[in-house]
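Me: I have a structure open and want to talk it through. Can we go step by step?
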Amino acid sequence: MAHETHTHVRSQTEYEYIRRQRSKEMRGQLTSFAIMIFLTLIAFTAVAADFSPYLITPIILLLAAVQVVLQLYGFMHMSNKGHGMVAFFMFSGMFVAFITILALVTIVWW
Amino acid sequence: MDLNKKYTPQSWPDHPETATMEGKNKFIGFWLLLAAETVTFASLFATYLALKDKGPSGMEFAASNLFELPLVFAMTMILLTSSLTSVYAMYHMKNHNFKAMQAWLGITVLLGATFLGLEIYEFNHYVHLGFGYTHSAFSAAFYTLVGTHGAHVLFGLCWFIALMVRNSKRGLNMYNAPKFYLVSLYWHFIDVVWVFIFTVVYLMGVIG
């Protein structure tokens with residue numbers, strides 16, 4: 001059956017170990033979240049502060065990229081093992097995304 | 001084997017979302033969908049960037065005098081927080097704590113609904129100003145990009161609610177664990193897209 005799985009009942013020690021590992025991982029997620037909030041604040045503040053667009057645009061794009069990496073590798077667990085094919089899919093998608101955006105912004109004019 | 005087989009926190013697998021063949025297939029197939037969605041949104045972003053501030057000559061609306069950052073900031077914080085609450089839901093899913101997972105999913109749905117409400121308010125506000133879908137190439141590209149994201153939020157909310165209601169009496173098992181995991185992945189992906197929307201559309205729009 002497609003839902004078949006091997007059942008392993010953990011010993012008390014194993015169980016406590018995995019619970020500890022998970023709460024440690026959760027603390028890491030909270031740290032990622034704090035960084036994401038911080039990056040968002042920097043981006044909005046930089047724009048509100050009215051610096052030159054040529055300075056701010058690359059900075060906020062970089063902040064967005066960092067935030068997306070935190071989402072993908074932290075919240076979406078792409079850093080865990082067993083995500084090789086996932087990374088292949090996503091990077092292929094990003095590559096096509098990059099080409100699409102590059103093509104349209106350079107080819108379309110008004 | 002019975003799909004409704006009962007588990008305890010001690011017998012619950014480390015990675016319940018990929019413990020079965022069905023779960024593995026769902027997992028890989030869903031990530032392929034997310035990669036395809038990346039391309040979908042890229043084409044909408046590309047269209048928006050190409051047509052930003054473009055339209056009939058003498059049009060009064062431009063990104064730099066239309067968008068209001070406080071509302072966008074609130075929406076960003078709400079969606080980002082809802083991403084964290086769905087991480088909490090998955091934390092409890094992995095600990096086989098069904099009630100706590102449902103509670104965190106409920107909070108996620110409330111935050112998502114608030115986000116959607118603010119987006120509807122924003123669109124309604126723009127339309128009343130005279131910035132409708134057919135106003136210009138700019139408005140059409142803007143509404144299509146941000147509206148497609150909003151439609152994803154709506155779909156995500158319906159998905160969350162459907163899973164929560166359908167499985168409310170069932171508890172966590174090998175049948176529904178992958179489903180809960182995928183909806184949370186979908187929700188994070190929606191947040192990923194929003195990060196680019198608030199940066200490229202709103203922040204880069206305001207600085208001109």
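Me: Fine. Which residues of α1(A) meet α3(B) on that basis?
Reply: From α1(A), they are A:R22, A:M26, A:Q29, A:F33, A:M36, A:I37, A:T40, A:F44, A:V47 and A:A48. Facing them in α3(B) are B:L69, B:F73, B:T76, B:L80, B:L84, B:V87, B:Y91 and B:K94.

Me: What classes of residue are those?
Reply: The contact of α1(A) with α3(B) has 13 nonpolar residues, three polar and two charged.

Me: At what angle do the axes of α1(A) and α3(B) cross?
Reply: Roughly 175°, and the axes come within 11 Å. Helix α1 of chain A covers residues 12-48. Angles over 145 degrees count as roughly antiparallel, so α1(A) is roughly antiparallel to α3(B).

Me: Zoom out. How many residues of each chain are in contact with the other chain?
Reply: 51 residues of chain B are in contact with 50 residues of chain A.

Me: Which helices of chain B supply at least two residues each?
Reply: α1 (21-51), α3 (69-94) and α6 (177-206) of chain B do. α1(B) gives the most, with 17 residues. By class, the side of chain B that touches chain A has 33 nonpolar residues, 13 polar and five charged.

Me: New topic. How far can I trust the prediction for chain B, going by pLDDT?
Reply: The mean pLDDT of chain B is 95. In chain B, 99% of residues reach 70 or more. For the complex, the predictor gives an ipTM of 0.92 and a pTM of 0.94.

Me: How many helices and strands does chain B have?
Reply: Six helices and zero strands. Along the sequence, the pattern is α-α-α-α-α-α. The C-alpha atoms of chain B fill a box of roughly 70 × 30 × 25 Å along the principal axes.

Me: Are α1(B) and α6(B) roughly parallel or roughly antiparallel?
Reply: Roughly parallel. Their axes come within 10 Å and cross at roughly 15°. α1(B) passes α6(B) in a right-handed crossing.

Me: Which residues of α1(B) and α6(B) meet?
Reply: From α1(B), they include B:F27, B:F30, B:L34, B:F41 and B:F45. From α6(B), they include B:L182, B:L185, B:F189, B:V193 and B:F196. The contact divides into 15 nonpolar residues, one polar and three charged. B:E22, B:K26 and B:E37 of α1(B) are also among those that meet α6(B).

Me: And α3(B) against α6(B), at what angle do they pack?
Reply: About 160°, with their axes 10 Å apart. That makes α3(B) roughly antiparallel to α6(B). The crossing is left-handed.

Me: Which residues of α3(B) and α6(B) meet?
Reply: Among those in α3(B) are B:L79, B:L80, B:S83, B:S86 and B:M90. Among those in α6(B) are B:Y181, B:W187, B:H188, B:D191 and B:W194. By class, the contact of α3(B) with α6(B) has 15 nonpolar residues, five polar and one charged.

Conventions: Residues numbered from 1 in each chain as written. Chains lettered and ligands numbered in written order. Predicted model: local features only at pLDDT ≥ 70, side-chain atom pairs only at ≥ 80, totals over all residues. Contact = placed C-beta atoms within 7 Å. Helix = DSSP H or I, 4+ residues; strand = E, 2+ residues; numbered from the N terminus. Nonpolar A, V, L, I, M, F, W, Y, C, P; charged D, E, K, R; others polar. Axes fitted to C-alpha atoms, helices over the stretch in contact; angles between N-to-C directions. Parallel < 35°, antiparallel > 145°, perpendicular 65-115°, else oblique. Left-handed = near helix turned anticlockwise from the far one by under 90°. pLDDT = per-residue confidence, 0-100.
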